[in-house]
Amino acid sequence: TYGWLSVTNPAAAVPGIKTETDAALRLRQAYSVAGPSQTMLAGTYAAIAAITEVQRLAVYENDTNSASVSADNPYGLPAHSVTCVVEGGDTEEIADAIMRHKGLGCYTNGDVVTPMTDSGGFTQNIRFYRPTNVPIYVNVVLTPYTGYVSTMADKVKAALLEYLTGFDIAADVSVSLLFGVAIAVNDDVKHPNFGVASITIGKAPGAMAAADIPIDYNEVVSISADNISVGV
């Protein structure tokens, strides 16, 4: 202000925040571009993704005449259907986005059913899925080398937890990739402090194996620190 020479604040200021971060702006721009896209599938995905609090999302289309499993319909979804799997977001907003972007005569597949009325006054049931959480358990056995300390097991556990958290819907769990995550915890992989003797995973503590875990189209991995065991 003109004429002021100094200001003394008795308490620290509360800094402001950006209205929107650059990353959020770029994501919103990507959705807005996809919204009027040439394919209805991409437009449906963009419309749902733009809904507040939607976290993870998968959209599938079966444009064939059959519900049988095939190369064009790997999950055996209903004929001429669109299947949306949505985590988070308001149910009616999601159903509205699907109704407005699905194709004519396209069946909406799912176990969450919401009656919606279109602009012509016709009411139709719009369906979609909420993802089913699949708990994953991990057991890791390390081989200690020179310089190994017990805290390294905790670092391996933290790395695996971070890696498995936030998997996309329908993303499978690969044992070989878990080996890579664990080994990367070494400060120097050329002169490691430990190796990985074995990794077993499973959907229950009593059903562990050194085999990948397939996750279905409407499922998502669920993991917690208590589900991961790391020892020597």
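Colleague: How do the residues of the lining of the largest pocket divide into nonpolar, polar and charged?
Modeller: Bear in mind that this is a predicted model. The lining has four nonpolar, seven polar and three charged residues.

Colleague: What volume does the largest pocket have?
Modeller: About 180 Å³. Its lining counts 14 residues, and those closest to the centre are Met40, Glu61, Val82, Gly103 and Cys106.

Colleague: Which helices and strands each supply at least two residues of that lining?
Modeller: Helix H2 (40–49), strand E1 (56–62) and strand E2 (81–87).

Colleague: And which one gives the most?
Modeller: H2, with three residues.

Colleague: Let's stay on H2. At what angle does H2 pack with H3?
Modeller: About 160°, and the axes are 9 Å apart. H3 covers residues 91–101.

Colleague: How are H2 and H3 oriented to each other, roughly parallel or roughly antiparallel?
Modeller: Roughly antiparallel. The cut-off for that class is over 145 degrees, so H2 and H3 fall into it.

Colleague: Is the crossing of H2 and H3 left-handed or right-handed?
Modeller: Right-handed. On the H2 side, the contact uses Met40, Gly43, Thr44, Ala47 and Ile48. H3 brings Ile94, Ala97, Ile98 and His101.

Colleague: How do the residues of that contact divide by class?
Modeller: Six are nonpolar, three are polar and none is charged. Note that Met40 turns up in this contact and is also among the residues closest to the centre of the largest pocket.

Colleague: OK, new topic: H4 and H5. Within what distance do their axes come, and at what angle do they cross?
Modeller: The axes come within 9 Å and cross at roughly 135°. H4 spans residues 151–164, and H5 spans residues 175–183.

Colleague: What does that make H4 and H5 to each other?
Modeller: Oblique. Roughly antiparallel would need an angle over 145 degrees.

Colleague: What is the hand of the crossing where H4 passes H5?
Modeller: That crossing is right-handed.

Colleague: Which residues in H4 meet which in H5?
Modeller: H4 puts in Val156, Ala159, Leu160, Tyr163 and Leu164. H5 meets them with Leu177, Leu178, Val181 and Ala182.

Colleague: How many nonpolar, polar and charged residues has the contact of H4 with H5?
Modeller: Nine nonpolar, no polar and no charged.

Definitions and conventions:
Residues numbered from 1 in each chain as written. Predicted model: local features only at pLDDT ≥ 70, side-chain atom pairs only at ≥ 80, totals over all residues. Heavy atoms only, no water. Axes fitted to C-alpha atoms, helices over the stretch in contact; angles between N-to-C directions. Helix = DSSP H or I, 4+ residues; strand = E, 2+ residues; numbered from the N terminus. Parallel < 35°, antiparallel > 145°, perpendicular 65-115°, else oblique. Left-handed = near helix turned anticlockwise from the far one by under 90°. Contact = heavy atoms within 4.5 Å. Nonpolar A, V, L, I, M, F, W, Y, C, P; charged D, E, K, R; others polar. 1 Å grid on protein atoms, 1.4 Å probe; cavity = no way out; pocket = protein on both sides within 12 Å on 5 of 7 lines; lining within 4 Å. Points joined across faces, edges and corners; volume = space filled by probe spheres on them.
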